[in-house]
Amino acid sequence: MNKFYLVIIISFVLFQSFVQAQNSFPKYEDKPVWCVWEHILAMPERTYSTELRADTIICGQRYNSVWANEAPLFGGGTLTGIIGYLRTEGEKVLFRNSNHCNNPERLLYDFSLEEGDTIKHSVSAFEFGIISKIDTITYNGVDRKVWIVNYPQFIPEPPLPLQKIWVEGIGDLFHPFRSSYCNASNCEFIARVICFSTNTGVLYGQCTEPCNIENNTTDTDDIFQEQSQLYISPNPLRSQEALQINYHFPKATEGQFFVVNTLGKVLYQQAFQAGSAEGSTSLSWSPSVAGVYWLVWQDHNGGRQALKFISQ
C-alpha cells in the first residue's frame, strides 16, 4: 500500500480513537470545577463553586463525592461540604444525596439518548425530559455535542416546556447536579453555570469575577445562547404590589409575559421588548388576592419559561 495513504489511514484511526475517548461528563482526574449562580425563593442570590472529590465506596459501588463551597440552602444559610455522590455507568451519570444504601439513586444524564428519546430521572412520573434536539457547537476551539432537553410542566395547563442544555464534557448549563428545573414543588429555584474549568484551564464562560478562577477563554458565551433566566423580586409579594421581574436574556429580544393561575387560566398578558440582554421590568398588574400564580415568558421564537410566585 502507498505509504502516503497508510499514514492517512493511521491518522484517521487515531483521530477517531481520540474523539471516542472524550468523556461525556468530566472525571475526577480532570479536576472539574463548576461556578454556579443560584437564586432560591425569598433568598439573596449567591455564587459558589462545586467540584468532584476522591472516590468512596457506597453499597458496593464506587462514587465521587460532590463538594460545594458556600452553597445556599433552602430555608437560609450556606453549606460547605458534600452535597451528594456521583458515579458513571457507561454513558449514564447517576447521583445520590447521601451515603445511605436506602437513599435511591437518581439518573442525572444519559448521553446515549437520541432525539425524541425520554429521560426519566426517578420513579416519579413528573420527573422526565424529552430530548428535543442534538446539535454540535464550537466553543473555545473545541467541538462539543449538545443535547437540548425539554421538561413538560404539568401546572399550569397546558404544559409549558422548560428547557435545559447538556454540553459534552461540561454537563448541564442550568445546574450540573440538579436533575430538573423543579425540586419537588420548589419551582422557584433558578440557577445557571457561569463558568467551568478543569486542570487544563477554563473551558467555558468568564470566571475571574466572581469565581476567582483565572480565565483563558477566547470565545464569547455562545453555548448559552439559547438559554434565558428570569426571577421575581420580591417573592412572595404582597397583594396589590406590582410584579417586578429581573431578566438575563442571551441578547436583546422580544416576547410576552403571561400571568396564569393554578387552574391554567391566563389572568394577564403583556408584550415586552428587552433593549438589552440584562435588566428589570415590572408588569402593569398586581395580584388582588393571596395565592399561587405562574409567570410565563414566551419569546418571539416560541421558547417558554415558567416561574411560580406567591402572593400573601
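## Exposure, disulfide, cores and sheets in a predicted model

Cys101 is exposed, having a relative accessible area of 56%. Here exposed means over 50% relative accessible area, buried means under 20%, and partly exposed lies in between, with a 1.4 Å probe and protein chains only. The structure is a predicted model, in which local features need pLDDT of at least 70 and side-chain atom pairs count only at pLDDT 80 or more, while totals for chains, interfaces and linings use all residues. Residues are numbered from 1 along each chain as its sequence is written, and side-chain values use heavy atoms, with hydrogens and water left out.

**Overall composition**

The protein has two helices and 20 strands; these are DSSP runs numbered from the N terminus, helices being H or I of at least four residues and strands E of at least two. Of its 312 residues, 47% count as buried. Among the contacts with a separation of 6 or more, 46% are between residues 24 or more positions apart, a contact being heavy atoms within 4.5 Å.

**The disulfide**

One disulfide is counted, under the rule that two cysteine sulfur atoms lie within 2.5 Å. Cys59 and Cys101 form this link, with an S to S distance of 2.1 Å. Cys59 lies in the loop between strand 2 (46-58) and strand 3 (61-72), and Cys101 in the loop between strand 5 (92-96) and strand 6 (106-110), so the pair ties together parts that are 42 residues apart in sequence. The link is left-handed, with -125 degrees about the S-S bond.

| Residue | Relative accessibility | Class |
|---|---|---|
| Cys59 | 37% | partly exposed |
| Cys101 | 56% | exposed |
| Gln270 | 15% | buried |

Strands 5 and 6 run antiparallel and are joined by four bridges; strands count as paired if DSSP finds at least two bridges between them. Within this pairing, Phe95 stands opposite Arg106 in strand 6. Strand 6 is mostly covered, as four of its five residues are buried.

**Nonpolar cores**

In soluble globular proteins, nonpolar side chains tend to be buried together. A nonpolar core is a set of buried Ala, Val, Leu, Ile, Met, Phe, Trp, Tyr and Cys residues joined through side-chain atoms within 4.5 Å. The largest such core holds 39 residues, of which Phe25, Trp34, Leu86, Trp166 and Phe177 touch the most other members. Strand 9 (residues 142-151) contributes the most to this core, giving five residues. A second, separate core has 30 residues, including Val202, Ile213, Val259 and Leu283.

Three strands form an open sheet in the order 14-15-18, with antiparallel pairing. Strand 14 (229-233) and strand 18 (278-282) are the edge strands, each pairing on one side only. From one strand to the next, the twist averages 20 degrees; axes are lines fitted to C-alpha atoms, and angles run from 0 to 180 degrees between N-to-C directions. Strand 14 pairs with strand 15 (residues 244-248) over five bridges in the antiparallel sense. There, Tyr231 stands opposite Asn246 in strand 15.

**Gln270**

Gln270 belongs to strand 17 (residues 266-273). The side chains of Gln270 and Tyr268 make a polar contact at 2.4 Å. A polar contact is a pair of N or O atoms within 3.5 Å; within protein, one must be able to donate a hydrogen and the other to accept it, and residues adjacent in sequence count only if both atoms are side-chain atoms. Apart from neighbours within four places in sequence, Gln270 is in contact with Gly255, Gln256, Phe257, Ser282, Leu283 and Ser284.
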